[in-house]
Amino acid sequence: MFTNGLKVLALAISLAMCGVAAVGQKTAGNAPLKLNQIQVIGTHNSYHAGIAPSEATLWQAKRPDIYQTLDYRHPALAEQFDGGVRQIELDIYADAAGGRFAHPAGPQIVAQAQLPPDPAFDPNGVFARPGFKVMHVQDFDYRSVCQPFKACLEEVRRWSQAHPEHTPIFILVEAKRDSEEGGVQLTPVEPFTPAAYDALDAEILSVFKRDELVVPDDVRGNYATLNQAVLAGNWPTLASARGKIVFLLEPRWSGKDYLVGHPSLRGRLLFTNAEPGQPDAAYTECNEGPAETITALVRQGYLVRARSDADTAEARANDTRRRDAMLQSGAQIVSTDYPASEPARWEGHYTVTLPGNADARCNPVNTPVDCQIK
């Protein structure tokens, strides 16, 4: 009895870390499969093209610890989708006037070190034009497999149109606001204001039609808040969501301004990374777990994203413990730098995939044991 009490206490503490009470939700065995009852593999920083050779040489010489965490790269978005990835992550910087990030420090530092110049990072002058830019860290880690943000979306839509019955694709959009990294001053960022988020929604709708998306209003239905709808299991069916795109916004601070004028995300396109229990809560991140916390969130009805590896650590050691725990946790989105469709980087061949290399499976937590995706 005492041991069981300790387990309950430990679970309550872990749930508190993600801001949620331990309340479960059962799923009817014969009900149509819903959007929150699947599990897919995603890629972390899906745009990341890696660091160019001469800049990589400098990183390895001056800060090998940091370089190690950045030593991953992904192919074109369409190629990732072809390999079964169903969630991508795009980090964006606001650049309403254009030109803000057109002259990164990297090439200048390479020239000062008298190293061979790296390939041009912006041969078409995209960075000089207005629009959201896609990159990891301005000045030092700025190469992307697609640029600008709108072009990335256009690539997604082309693939989606060519595969009209695909498992829904989740696009995680991370708003970036840092002008300093590791004590180094970087090109100052443009703030993400409510107006900037209006522009973000408008840019998405310049590429996708409204009926090609699953948005918060589709989940809320007649409920007073999005959170109430989620706790009531009001997610759309998987069948109705096939061929569609779901946009997710992170980090958590971004929700404050994105919600201005749009209580409970009314009229907005992206689901915020919200604290469970808040009016806008439908999606939340619990990247490092623990698995028990994620399982409790999933059983309540929330959509959860977790990471199976980070900073190349698990892949270099071929340590599969975190990967296996996140897959079994029921997190609907399990993000990795190493999907099975991409070449293994280190001895041990660490990769992340679903059984049978499927692009989706029935969620191991909130579906019946005889569930099948149709």
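The link of Cys146 and Cys152 is right-handed, with 100° about the S-S bond. It is a disulfide, meaning a pair of cysteine sulfur atoms within 2.5 Å. This is a predicted model, where local features need pLDDT of at least 70, side-chain atom pairs count only at pLDDT 80 or more, and totals for chains, interfaces and linings use all residues. Residues are numbered from 1 along each chain as its sequence is written, and side-chain values use heavy atoms, leaving out hydrogens and water.

The structure holds 2 disulfides. A disulfide is a covalent bond between the sulfur atoms of two cysteines.

| Disulfide | Sulfur atoms apart | About the S-S bond |
|---|---|---|
| Cys146 and Cys152 | 2.0 Å | 100°, right-handed |
| Cys362 and Cys371 | 2.1 Å | -70°, left-handed |

Buried means under 20% relative accessible area, exposed over 50%, and partly exposed in between (1.4 Å probe, protein chains only). Cys146 and Cys152 are both buried. Cys362 counts as buried because its relative accessibility is 15%.

Now the cores. A nonpolar core is a set of buried Ala, Val, Leu, Ile, Met, Phe, Trp, Tyr and Cys residues joined through side-chain atoms within 4.5 Å. The largest one has 82 residues. Phe149, Ile171, Ile204 and Phe247 have the most contacts inside it. Strand 4 (residues 169-175) gives the largest share of this core, 6 residues. Strands are DSSP runs (E, at least two residues), numbered from the N terminus.

Contact means heavy atoms within 4.5 Å. Leaving aside residues up to four places away in sequence, Phe149 touches Leu90, Ile92, Phe132, Val134, Val173, Leu200, Glu203 and Ile204. Another core, of 9 residues, lies apart from the largest one. Ala56, Tyr67, Ala105 and Leu186 are among its residues.

Technical notes: Helix = DSSP H or I, 4+ residues; strand = E, 2+ residues; numbered from the N terminus.
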